[in-house]
Amino acid sequence: NALFTIQEYYGTANEIHDLFRGYPKEELISILRADPALAETFQTFATLTLERAERDGVVVDTLGDRNVVIVDRPEDRHEIHILDPHAMKDLRQPKYPDQADRIQADLDFLRTVSAALNEGETTKE
């Protein structure tokens, strides 16, 4: 028996950045503010991820290298993709000692970046 996945090609390693660890936080916020479509996608991802974590205690696997990514596109556009959509992590039953803490740190990162984007919207009005 064998199991494999054929995945769409998104670009080279230089064009694919881990959402959680690929940029310093302030640089990510700047990228999101400069690309409204990307910011909207990020906010949707953050909202759905945080709601599911709170409601069900389950999140998409954010811990692997480039499981959730921002892909560079022409003309300073970007896209968010989940490259490892198969693995869900249960916050209530971690597989190893610091797993829940690491996932919680990623959820806190989503909250912080999302709040910074929301603050930027209110200061522009």
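**Questions on a predicted model**

Biologist: Which residues in helix α1 are buried?

Modeller: Helix α1 covers residues 25–34, and L28, I29, I31 and L32 are buried in it.

Biologist: How do you know that the buried residues of α1 line one face of the helix?

Modeller: Looking down the axis of α1, the buried residues fall within an arc of 160 degrees, so they line one face.

Biologist: What does L28 touch, leaving aside its neighbours within four places in sequence?

Modeller: L28 is in contact with L19, Y23, I70, F109 and V113. L28 is also among the residues with the most contacts inside the largest nonpolar core, along with L19, L32, F42, L107, L110 and V113. That core has 28 residues.

Biologist: Which elements each supply at least two residues of this core?

Modeller: They are α1, α2, β2 (58–60), β3 and α3. Another core, of five residues, lies apart from it and includes I16, V69, V71 and L83. In soluble globular proteins, nonpolar side chains tend to be buried together.

Biologist: Why are F20 and F109 called a tilted aromatic pair?

Modeller: The ring centres of F20 and F109 are 5.8 Å apart, with 55 degrees between the planes. Rings pair if their centres lie within 6.5 Å, and tilted is the class left between stacked, under 30 degrees, and edge-to-face, over 60. The values for F20 and F109 therefore make a pair, and a tilted one. The structure holds one aromatic pair.

Biologist: What makes this pair tie together parts that are apart in sequence?

Modeller: F20 lies in the loop between β1 and α1, whereas F109 lies in helix α3 (residues 99–124), so the pair ties together parts that are 89 residues apart in sequence.

Biologist: Are F20 and F109 buried or exposed?

Modeller: Buried means under 20% relative accessible area. F20 has 6% relative accessibility, so F20 counts as buried. F109 has 13% and is therefore buried as well.

Biologist: Where is S114, and why is S114 called buried?

Modeller: S114 is in helix α3. The relative accessible area of S114 is 12%, so this serine is buried. Not counting residues up to four places away in sequence, S114 touches F42, Q43 and A46.

Biologist: Why is N14 called exposed?

Modeller: N14 has 65% relative accessibility, so N14 counts as exposed, the cut-off being over 50%. N14 lies in the segment before β1.

Biologist: In what order do the three strands form the open sheet?

Modeller: The order is β1-β3-β4, with antiparallel pairing. β1 (16–18) and β4 are the edge strands, each pairing on one side only. From one strand to the next, the twist averages 30 degrees.

Biologist: How do you know that β3 pairs with β4, and β1 with β3?

Modeller: Two strands pair if there are at least two bridges between them. β3 (residues 68–73) and β4 have six bridges, and β1 and β3 have three, so each set meets the cut-off. I16 has V71 as its bridge partner in β3, while I70 stands opposite I80 in β4.

Biologist: What lies between β3 and β4?

Modeller: β3 and β4 form a hairpin with three residues between them, and E75 in the turn has a positive phi of about 60 degrees. Helix α2 (residues 36–56) lies across β3 and β4 and runs at about 20 degrees to β4.

Biologist: Why is H78 called buried?

Modeller: H78 has 17% relative accessibility, so H78 counts as buried, the limit being under 20%. H78 is found in strand β4 (residues 77–82) and is the bridge partner of D72. Not counting residues up to four places away in sequence, H78 touches I31, D35, L38, I70, V71, D72 and R73.

Definitions and conventions. Residues numbered from 1 in each chain as written. Predicted model: local features only at pLDDT ≥ 70, side-chain atom pairs only at ≥ 80, totals over all residues. Heavy atoms only, no water. Helix = DSSP H or I, 4+ residues; strand = E, 2+ residues; numbered from the N terminus. Buried < 20%, exposed > 50% of the residue type's maximum accessible area, 1.4 Å probe, protein only. Contact = heavy atoms within 4.5 Å. Axes fitted to C-alpha atoms, helices over the stretch in contact; angles between N-to-C directions. Arc of directions from axis to C-beta. Phe/Tyr/Trp six-rings, centres within 6.5 Å; stacked < 30°, edge-to-face > 60°. Core = buried A, V, L, I, M, F, W, Y, C linked by side-chain atoms within 4.5 Å.
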